[in-house]
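Here is a briefing to read with the model open.

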Amino acid sequence: MPDNPRMPAYGIDPLFAARWSPRAFDGSSIDLEALLPLFEAARWAPSAYNVQPWRFVYALRDTDQWASLLDTLVPFNRSWAASASALVYIVSDRFSRDSEGRSKGESYSHSFDAGAAWAQLALQAVRNGLLAHAMTGFDHDAARAALRLSQDYRIETAVAIGRVADPRTQEGSLRALSGRRPLEELVYEGNLGTD
């Protein structure tokens, strides 16, 4: 990993600041065994009523599935994600279901719950020497067709996963490490005060 200039304001586990979203991957291949721990970490995320609405559709580079997922990205994202080791789409089941798969109604928190799974996947990637970059820059209709999704599922994000290349080899916005807003802009006692 490159040196991380981001410094937390309070004492947190270094794993959180080490997680970032590169646009410079080294183009190496990984196998399914490298992805399974990331999916396992995501599997343990909390969800409302424990329905676990997240689903993951993946493609490893140099496989038959790779091009079909890569081609769904917008051109800018495709340009850098092509050097990732894996692409993953995270989708969520919009409905709570009983043990036989019958809908019990739309879930209010399906996207929120899938976001918790994404966070755990991204942190496990760091722990395993990989990085993950989530993106919503994809052709939603093309992705839905490529993933063969019914309308019961919402596409939450596409994720490029791999080993980071030297970010100095990338130009401009492709190499920037993002900072964070200060807590004073994010945390409010009692109310947000926007009314």
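Which residue in S4 is the bridge partner of Phe 95? In this predicted model, Phe 95 is bridged to Glu 106.

- Strand S3 covers residues 95-97, and strand S4 covers residues 103-106.
- The two strands pair in the antiparallel sense, over two bridges.
- Five residues lie between the strands of this hairpin.
- Among the residues of the hairpin, Gly 101 has a positive phi, near 85°.

**Four-stranded sheet**

- Four strands make an open sheet in the order S1-S2-S6-S5. Their pairing is antiparallel.
- The edges are S1 and strand S5 (131-135), each of which pairs on one side only.
- On average, neighbouring strands of this sheet are turned by 25° against each other, direction ignored.
- Seven bridges join S1 to strand S2 (residues 86-93), in the antiparallel sense. Val 57 has Tyr 89 in S2 as its bridge partner.
- S2 also pairs with S6, again antiparallel, over eight bridges. Here Ser 92 stands opposite Arg 154 in S6.
- S5 and S6 run antiparallel and are joined by five bridges. Ala 134 has Val 159 in S6 as its bridge partner.
- Is strand S6 mostly covered or mostly exposed? S6 (residues 153-162) is mostly covered, with eight of its ten residues buried.

**Aromatic pairs**

- The structure has four aromatic pairs.
- One of them joins Phe 25 and Trp 80, with ring centres 6.3 Å apart and planes at 25°. The pair counts as stacked because its plane angle is under 30 degrees.
- Phe 25 sits in the loop between H1 and helix H2 (32-43), while Trp 80 sits in helix H4 (residues 75-81). The pair therefore ties together parts that are 55 residues apart in sequence.
- Phe 25 and Trp 80 are both buried.
- Phe 39 and Tyr 58 form a tilted pair. Their centres are 6.0 Å apart, and the angle between the planes is 45°.
- Phe 39 belongs to helix H2 and Tyr 58 to strand S1 (residues 54-60), so this pair links parts that are 19 residues apart in sequence.
- Tyr 58 has a relative accessible area of 33%, so Tyr 58 is partly exposed.
- Phe 39 and Tyr 58 belong to one aromatic cluster with Phe 56.

**Largest pocket**

- The volume of the largest pocket is about 640 Å³.
- Its lining holds 20 residues. The closest to the pocket centre are Pro 8, Ile 12, Ala 17, Arg 180 and Arg 181.
- Which elements give two or more residues to this lining? They are helix H1 (14-18) and helix H5 (110-127).
- H5 supplies the largest share of the lining, four residues.
- By class, the lining has 14 nonpolar residues, one polar residue and five charged residues.

**Positive phi in loops**

- Most residues other than glycine have a negative phi.
- Gln 52 is not a glycine, yet has a positive phi near 50°. Gln 52 is in the loop between H2 and S1.
- The relative accessible area of Gln 52 is 27%, so Gln 52 is partly exposed.
- Arg 148 is not a glycine either, and its phi is positive, about 55°. Arg 148 is in the loop between helix H6 (140-147) and S6.
- Is Arg 148 buried or exposed? Arg 148 has 76% relative accessibility, so Arg 148 counts as exposed.

Key. Residues numbered from 1 in each chain as written. Predicted model: local features only at pLDDT ≥ 70, side-chain atom pairs only at ≥ 80, totals over all residues. Heavy atoms only, no water. Pairing = 2+ DSSP bridges. 1 Å grid on protein atoms, 1.4 Å probe; cavity = no way out; pocket = protein on both sides within 12 Å on 5 of 7 lines; lining within 4 Å. Points joined across faces, edges and corners; volume = space filled by probe spheres on them. Nonpolar A, V, L, I, M, F, W, Y, C, P; charged D, E, K, R; others polar. Phe/Tyr/Trp six-rings, centres within 6.5 Å; stacked < 30°, edge-to-face > 60°. Buried < 20%, exposed > 50% of the residue type's maximum accessible area, 1.4 Å probe, protein only. Axes fitted to C-alpha atoms, helices over the stretch in contact; angles between N-to-C directions.
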